Amino acid sequence: MFGQERNIQLYIESMDKLLGYRDYISTILPSHGELPVGFEAIEDCKKEAEELLAGKIDGEPHPFLPCRIYKGENVGFFY
């Protein structure tokens, strides 16, 4: 689940699929943070995952998990 085995490209593809359901989704209840969130949360996840993949977000080592913590403007990733 954490580290280089995680496939950011597949995550981006999943966000693209969700974006295709924009007209059918009325409520988004994420597992973290304030509830509910607007559809822009999916757009933020995709945009910042693309930035992570492009090396535009700096990360720091996680204190105990085998991954790094990357914090974008709105989204954080353990990768």
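**Notes on the predicted model**

1. Let's start with helix α1. Part of what covers its buried residues is α2, which runs over 40-53. Keep in mind that this is a predicted model.

2. Which residues of α1 are buried? They are I8, I12 and M15. Around the axis they take up an arc of only 55°, so they sit on the same side of α1.

3. Here is a quick check you can follow on the length of α1. The helix has 12 residues (residues 8-19), and at 1.5 Å a residue it should span 16 Å.

4. Now look at N7, in the segment before α1. One of its side-chain oxygens comes to within 3.1 Å of the backbone nitrogen of Q9, at the start of the helix. The N7 side chain also reaches the backbone nitrogen of L10, at 3.0 Å.

5. Zoom in on the peptide bond that joins L35 and P36: it is cis, with omega at about -25°.

6. On to the strands. How many strands does the open sheet have, and in what order? There are 3, ordered β1-β2-β3, and the pairing is antiparallel. The edge strands are β1 and β3 (76-78), each of which pairs on one side only. From one strand to the next, the twist averages 20°.

7. If you want one to find on screen, G59 has Y70 in β2 as its bridge partner.

8. Last stop: H62, in the loop between β1 (59-61) and β2 (68-71). With 12% relative accessibility, H62 counts as buried, because the cut-off for that is under 20%. A polar atom of the H62 side chain lies 3.0 Å from the backbone nitrogen of L65. Leaving out residues up to four places away in sequence, H62 touches C67, R68, I69 and F78.

Conventions:
Residues numbered from 1 in each chain as written. Predicted model: local features only at pLDDT ≥ 70, side-chain atom pairs only at ≥ 80, totals over all residues. Heavy atoms only, no water. Helix = DSSP H or I, 4+ residues; strand = E, 2+ residues; numbered from the N terminus. Expected span 1.5 Å × (residues − 1). Buried < 20%, exposed > 50% of the residue type's maximum accessible area, 1.4 Å probe, protein only. Arc of directions from axis to C-beta. Contact = heavy atoms within 4.5 Å. Polar contact = N/O pair within 3.5 Å; in protein donor to acceptor, adjacent residues only side chain to side chain. Pairing = 2+ DSSP bridges. Axes fitted to C-alpha atoms, helices over the stretch in contact; angles between N-to-C directions.
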